[in-house]
Amino acid sequence: MISERELQLILECALQGRGDFAEVFLENTEESQMNSNGSEITGIRNIQIFGAGIYILSGTDSIYVYSNEVTFPSLMKLADTAARLLEAGQSKENGSTGKNRTVNLQRQGLNCFTSAANFPVTSYSKKEKLLRNAVMEGKNAGPQVQSLHMGYFDSDQRIRIANSEGLLTEDRRQTARLRCQAVVGDGIDNVSRWEDVFLAGGFDAFAASGIYAEAVRSQICRMDLARKGKMIQRCNVPVLLEAGTGAVFFHECCGHMLEGCAVVSKESPYSDMVGQRVASEKLTLVDDGTIRGQVATARIDDEGHLRQKNVLIENGILKGFLNDRLCGRILGTGSTGSGRRQNYTFAPTCRMSNTFVLPGTDDHDEILKSMDRGVYVTGIGGGNGGAQFTIMVEDAFWVERGELAYPLKPFTITGNGISMMKKIDRVGNRLGDYDGAFCGAASGLVPTTTNQPRIRISQLSIG
Amino acid sequence: MRELTEFAETMRKLPTDVKAADVELERTKQFQLQFTNGKESGGQEASLAELYVRVQASKGIGVLYTQKTRQKPGSVLNEAYEISQYVKGKENIYMKEAAPSETERMQEEAEVKQEEAEVKQEEAMRQVLADTDRKLLKCFGSLLHRELKLLRAEESREIVNLLGFSAATSRVFYNLQATISAEHNGIVYMRVEDTAQTLDSLDVDGLVSQIHDGIVRNMPSVVMKGGTMEAVLDARFVCNLFFMAWKLFSGPAYLQGQTATVGKLGKTILSKQISIEDRCESSGGGFQYALDCEGSPGRNVKLVERGVFTGLMHNLQSAEAFGEKPTGNAGRKTTLSAAVQTEVSVTPKHLHILPGQVSLKQMIQSVDEGIWLTHCFDEFHSLDPASGDFSIPGEGIRIEKGELIGRVVNLSIEGNILQLLSGVLEVGRETCTMPLPDVRSFSVTAPAVHVSEIRISV
């Protein structure tokens, strides 16, 4: 353990050159994985992630160094390296000299590491029982299952952050996840797919929720429907995104382009559009890292900034972006508590957390009933963000006169986010069910959630 | 210097029911400088040591991955042993035999010497970044944003096992990455990179030229009807396809019936124009793969020779099942993952799709009506190696009578990878080399290919 006095000295060492801000990020994460092939436990893996990162800013210049050698001498050496690297840079006009700065750390929310004893280690036998239950749910779901592999993963991340503004704080994030990988079919016409149930909290909360049992049954049944589905024919029709995880669409379609780093690099088409209409007036999009009980929720972000609710689009008008400390400086708006990273081997960058479309005024049921002909998307497998986005639709139905006509085989939707956002003509009046997922970007894979009410896009070219 | 000697000794003291055990230490040292819009704007330095420990006792295999490398070997090995007591799998740890051949021993020693000889070249790296930035500006003056990153990475690997086997290797590489945005018929956003063993051998001109071509090809968009048509797949497009399609040639996946190539070894599966090898070095020399994570030395493998499926990439397990020598392909990191990848499977080393004789320009000129596919998005979600089926979003340029007419956006290509590559008419002579994004655990070199037909949805 690095003491508070040692942290102060490390920060002061990091600021010996022209740095105007320094941060130390310490991490001690334990993960456990247990796998079942459907009949027995085939693997257990224990994982220990342990190390420290030092981040220095000088104006809009940044240096990040990290190591898993977490001793006072090695971190002093690391801080010295970071300061020297910053000093050696050519652009001297940025930042002010931090020579001989004194850092006084003030404790805030320091209770996480010390409360470790409150979280008992779950026995392997309990996890094995959960996996057996999940396997039984899958096998008894109805459709013919050719193979079934289950994996249970839990993660306990403990972080401590100290910075030259005097902050000394900690956080602890626990998540549990069940992955169901199945092959469903008659042995000739098969489909394979994996899905996760990803919840905040440890094993006990996960097991008690019971959500996983229904999720596994649902996955097997939906896979069978997709297997029997028809290939979608080329068409230009309204598309209804189901309440809940249909919001992955917004994560990919515009969320990534509202992250400050995309704005700074001029990749984002929204760069100069704050205050302008960028979407249908029915649409209000928020990113809120404070919602209780979500995998992307935390007291602080990975720079120690308190998480907050950020309104990105309000009634169709662009209100702002998601910023970490550095992009907040570059854009002149400050951090929005959105600096995130997979672990200490990544420098923080702007990332989404719980991204929601707020409920609108259209009747939930009427949106489907009033659709004459179109596509009703009930499950999205993943996607890719950018000015041109893509999403993989895994579960969908063809709709005729407000009724589900037949299931569709999986297909891809690709398009231009900014034009798609203006085509929204219905926003339902209630949110759906959802759990977490992972989002991969420059600072690694971080947990995220998405949610929305039913949303209809007036016209979309598919197939 | 070998660091795992104590682990090797402690391993022998494990309980008598231990059938197999191995420990791998991976060390990474990275140094990176960054220029933003012509000025040095940051950097990174990293030092990471990772231990992968596996113990197989009477019941199953226990696996421990740790970055707490100061722990006593006995404590780490005992934890892996304790875990193994709960596992009932039928899997085995396949261990490399203790006595390496003379060739292998020489290869290992040469690699260790290289590690000792390396020193930091900070100022030389700054010079390369400054030169690259100047060339970028000269090539295209009105860039909206430009960011250059130059990374120097040293990676070493040491392996010991219960059979007394011990081996070590290391490699050094430089990676230059340029990210730009420009205004040319709308916003163009591009990221390109080059990797080499030395700073001097980085292809800065080639990288700048790629950016120039990428900006210029951002033509005004045109409307095109979907359907089945003739196409030229750009070299970058082919590289992207093989970030997933390499699994068609994985020995373990073949054994488990999880690839579309099952039962086709020795048969013609692709066009005669296509030959694919997995090599220990990339053509430009940027990537080297001397020793895999089980300790097997890398060797070049012919996977497809003039369309005939001739070989597979093996780890120790699949090599034994096929009665062949391992090919040095035992690996863990196949893609960016939320969980640390601890399972030993197969990954390519440097997958090389051999070039042909025809230029890209000639291939495009020979198309009467079709498309040049330039961008491939999200191949990781979009190609199923078990069936070979794909539905991949992308972008291209419409071709009419050999002329480029305009950009086609928001398209997706659909079909089966084996059928697509069976229809290859010509293979380009210019190649592109790309590492697996973010992870860099393997790399792909590919030329452009001209295919008789591909299904496009717009």
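**View 1. Strand 1 and strand 5 of chain A run antiparallel to each other over 14 bridges.** Strand 1 covers residues 21-36 of chain A, and in this predicted model two strands are said to pair if DSSP finds at least two bridges between them. The strands themselves are DSSP runs of E with at least two residues, numbered from the N terminus. Within this pairing, L26(A) has R160(A) of strand 5 as its bridge partner. Residues are numbered from 1 along each chain as its sequence is written, while chains are lettered from A and ligands numbered from 1 in the order in which they are written. Local features need pLDDT of at least 70, side-chain atom pairs count only at pLDDT 80 or more, totals for chains, interfaces and linings use all residues, and side-chain values use heavy atoms, with hydrogens and water left out.

**View 2. Strand 5 of chain A also pairs with strand 6 of chain A, in the antiparallel sense and over 17 bridges.** R160(A), the partner of L26(A), has E170(A) as its bridge partner in strand 6. Strands 5 and 6 of chain A form a hairpin with 3 residues between them, and G166(A), which lies in the turn, has a positive phi of about 100 degrees. Strand 5, made up of residues 145-163, is mostly covered, since 15 of its 19 residues are buried, where buried means under 20% relative accessible area, exposed over 50% and partly exposed in between, with a 1.4 Å probe and protein chains only.

**View 3. C439(A) is a buried cysteine, at 5% relative accessibility.** A disulfide is a covalent bond between the sulfur atoms of two cysteines, and here the term is applied to a pair of cysteine sulfur atoms within 2.5 Å. The closest cysteine sulfur to that of C439(A) belongs to C261(A) and lies 10 Å away, which is too far for a bond. Over all chains, the count of disulfides is 0.

**View 4. Chain B and chain A meet in a contact that takes 63 residues from chain B and 64 residues from chain A.** Contact means heavy atoms within 4.5 Å. Between chain B and chain A there are 4 salt bridges, each a side-chain nitrogen of Lys or Arg within 4 Å of a carboxyl oxygen of Asp or Glu. One of them joins the side chains of E122(B) and R84(A), at 3.1 Å from N to O. Strand 2 of chain B, residues 39-56, gives the most to the side of chain B that touches chain A, with 11 residues.

Conventions
Helices (H or I, at least four residues) and strands (E, at least two) are DSSP runs, numbered from the N terminus.
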